[in-house]
Amino acid sequence: MTTAVVDVDDVTVTLGERPVLDGVDLLVRAGEVVTLLGPNGSGKSTLVRAAIGLVPVQAGTVRLFDTPVDDFRDWHRVGYVPQRTTASSGVPATVREVVAAGRLAQRRPFRPASAEDRAAVDRALDLVGLTDRSDDSVVELSGGQQQRVLIARAAAADPDLLVLDEPNAGIDRRSQEAFAHALRLFVGSGRSVLLVLHELGPLASLVDRGVVLDAGRVVQDGPLPVPSTVAGMPHEHAHDTEPDTRWFG
Amino acid sequence: MSLLSLEFMQRALLAAVLTGLAAPAVGTYLVQRRLALMGDGIGHVALTGVALGLLTGWAPVWTAVIVATAGAVAIELLRERRRASADVALAMLFYGGIAGGVLLVGLAGSSAATLTSYLFGSVTTVSPADLWVIGVLAGIVLVLAIGLRPQLFAVCQDEEFARVTGLPVRAYNLLIAVMAAVTVTMAMRTVGLLLVSALMVVPVATAQQLTRGFHTTLLLALALGVAPSLAGIMFSYYVDVAPGAAIVVIALGGFLVAWPLGTYVRRRRQVSVPGQEAEERLAGEHVTAEQHVHEHDETCGHPAVPHEDHVDYLHEGHLHARHERHYDEH
């Protein structure tokens, strides 16, 4: 049996008065690529956020790398890409500065970045194809490029698990391809991925297993149907049977 | 040089340099978190601390540090909750701070001039003891603001991501709040409690007109905090006005110069072209891999990755796909 990287067992999450997850199980084994699918409001984001300890759970258990998430300390093993449309904040920051934040799990306060830290940031920038933009301010980049900055930031820690929340939401085709490319590289080295997707797009061939959520419950968990042709891309919305051909015109 | 031979002016100028450095150092993080007005709120609360000192006879610097720190921690904890009611609670904390301060100053029997000197600064009131306090506190704030720059940057830039890297986010947030409180208190002698927030925010806003990175913004903001502080103190010596007003007006003047300059510089930068090879490879165009000493297959040791209708091989951080008699970058 392969080790469980993420093990969410019978988890219930209530935000305010509203139950968002209701007895949900989710398992990601080492080397697996698992995607969460489902309509808006089905609890996909809450489930990934609970899996990495950002959302407290009312019932059930969450384990990361076989450790209860509240006791988990090896955060350099997890790379997180939050759902976001921009990588900017109130003060300008260069692409490299944002990506370097991904190394903080490895760094100690008051110590300068090591040669290994800098090399990891270089590799992460190369991974998403932004080496030439590393000294540019993130606000000068397109939305898709900013999303790639956030992916590079997560990859800079050299994690064993990447957790991505809607990395393809509202970004251009070129950045989607760049992202699929980066993910192929990451998966190729035998590591695990948990991602939330609204539509599969160019990632379909990478995904081992899809977990479909609806109204806070898992309604389907299994391998995705293999696409027979590129144009006939299967679509995983639980409430929608129209084939989605947006990325393959 | 009669001005520099006066001891109270020497102290005032030294205090101005120290606060001119510390205020933008903390202010950079406040602006990054979009909490530019937090310094204002702390300043209001600190007034109650000053008044407590005047009423009890304890040194107002210390009572202000204690009350301002308590206020800053309360503000941070309210912010963390993100409740709708937190907004109103903050407003009430600010009103209570300034009203309580004025009330207590009145009860202490202090004059309006005393109150004004704390609200807008005063060149003649920096005592040698004050200067020691300001020096030590400014030193601590600067060491923390610069030494913990990567951690504080990450927490202010993306709190959730910082949490997933294992940083103690709440401790760093409280640290920033306490640093802001300490800075407000030591700046009350030069710019005063009502205008200290401007010295935290305006140099940062000016610096970022001209910079593209966080580190350069922070360093430039330090310089842009010191210059108007010194100029403002000297101006208020020759022309009898509150130094806080002079410092802030000079700092704002700097912003008005930098703003059009920054717009011009940004326009020129947009001509730059992004790196071609990476963009082409990612866009699915034909980029040939470096010369190969072996052929990729199931036995070559490079991991195979399915890619639509063919197989890529992971080779030193790049994906290679067979194309006729060479390999392409995928």
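## Ground rules

Residues are numbered from 1 along each chain as its sequence is written, while chains are lettered from A and ligands numbered from 1 in the order in which they are written. Because this is a predicted model, local features need pLDDT of at least 70 and side-chain atom pairs count only at pLDDT 80 or more, while totals for chains, interfaces and linings use all residues.

## The two chains at a glance

Let's start with chain A, which has five helices and 10 strands. Helices (H or I, at least four residues) and strands (E, at least two) are DSSP runs, numbered from the N terminus. Buried residues make up 49% of the 249 residues in chain A. A residue counts as buried if 20 or more other C-beta atoms lie within 10 Å of its own, as exposed if 12 or fewer do, and as partly exposed in between, with C-beta atoms placed from the backbone. Take the contacts in chain A between residues at least 6 apart in sequence: 69% of them join residues at least 24 apart. A contact here means that the C-beta atoms of two residues, placed from the backbone, lie within 7 Å.

Chain B has 14 helices and four strands. Of its 330 residues, 47% are buried. Residues 24 or more positions apart account for 70% of the chain B contacts with a separation of 6 or more.

## Chain A: the four-stranded sheet

One open sheet in chain A has four strands in the order β2-β1-β4-β5, with antiparallel pairing. Its edge strands are β2 (18–29) and β5 (67–68) of chain A, and each pairs on one side only. (Two strands pair if DSSP finds at least two bridges between them.) Inside this sheet, five bridges join β1 (residues 4–15) of chain A to β4 (residues 59–64) of chain A, and the two run antiparallel. A:Val8 stands opposite A:Val62 in β4(A).

Helix α1 (residues 44–51) of chain A packs on the sheet, where it touches β1, β2 and β4 of chain A, and its direction makes about 60° with that of β2(A). Axes are lines fitted to C-alpha atoms, for helices over the stretch in contact, and angles run from 0 to 180 degrees between N-to-C directions.

## Chain A: the six-stranded sheet

Another open sheet has six strands in the order β6-β7-β8-β3-β9-β10 (chain A), and its pairing is mixed. Here β6 (78–81) and β10 of chain A are the edge strands, each pairing on one side only. From one strand to the next, the twist averages 15°. Helix α4 (residues 143–155) of chain A packs on this sheet, touching β6 and β7 of chain A, and its direction makes about 165° with that of β6(A).

Since five of the five residues of β8(A) are buried, the strand is largely enclosed by the rest of the structure. Strand β7 (residues 161–165) of chain A runs parallel to β8 (residues 192–196) of chain A, joined by five bridges, and A:Leu161 stands opposite A:Ser192. Strand β3 (residues 33–37) of chain A also runs parallel to β8(A), with four bridges, and A:Thr35 stands opposite A:Leu195.

Strands β9 (residues 209–214) and β10 (residues 217–222) of chain A run antiparallel and share five bridges. Two residues sit between the strands in this hairpin, where A:Ala215 takes a positive phi near 50°. A:Asp214 stands opposite A:Arg217 in β10(A).

## Chain B: helices

Why is helix α10(B) described as largely enclosed? Because 14 of its 19 residues are buried. At 1.5 Å a residue, α10 (residues 169–187) of chain B should span 27 Å, and its end C-alpha atoms are 27 Å apart, which agrees. (The expected span is 1.5 Å times one less than the number of residues.)

Now for two helix pairs. The axes of α12 (residues 214–238) and α13 (residues 243–269) of chain B come within 8 Å and cross at roughly 135°. That makes α12(B) and α13(B) oblique to each other; angles under 35 degrees count as roughly parallel, over 145 as roughly antiparallel, 65 to 115 as roughly perpendicular and the rest as oblique. Residues that meet here include B:Leu224 and B:Pro228 in α12(B) and B:Ile250 and B:Gly254 in α13(B).

The axes of α11 (residues 196–207) of chain B and α12(B) come within 8 Å and cross at roughly 125°, so α11(B) is oblique to α12(B). Among the residues making this contact are B:Leu199 and B:Pro203 of α11(B) and B:Leu220 and B:Leu224 of α12(B).
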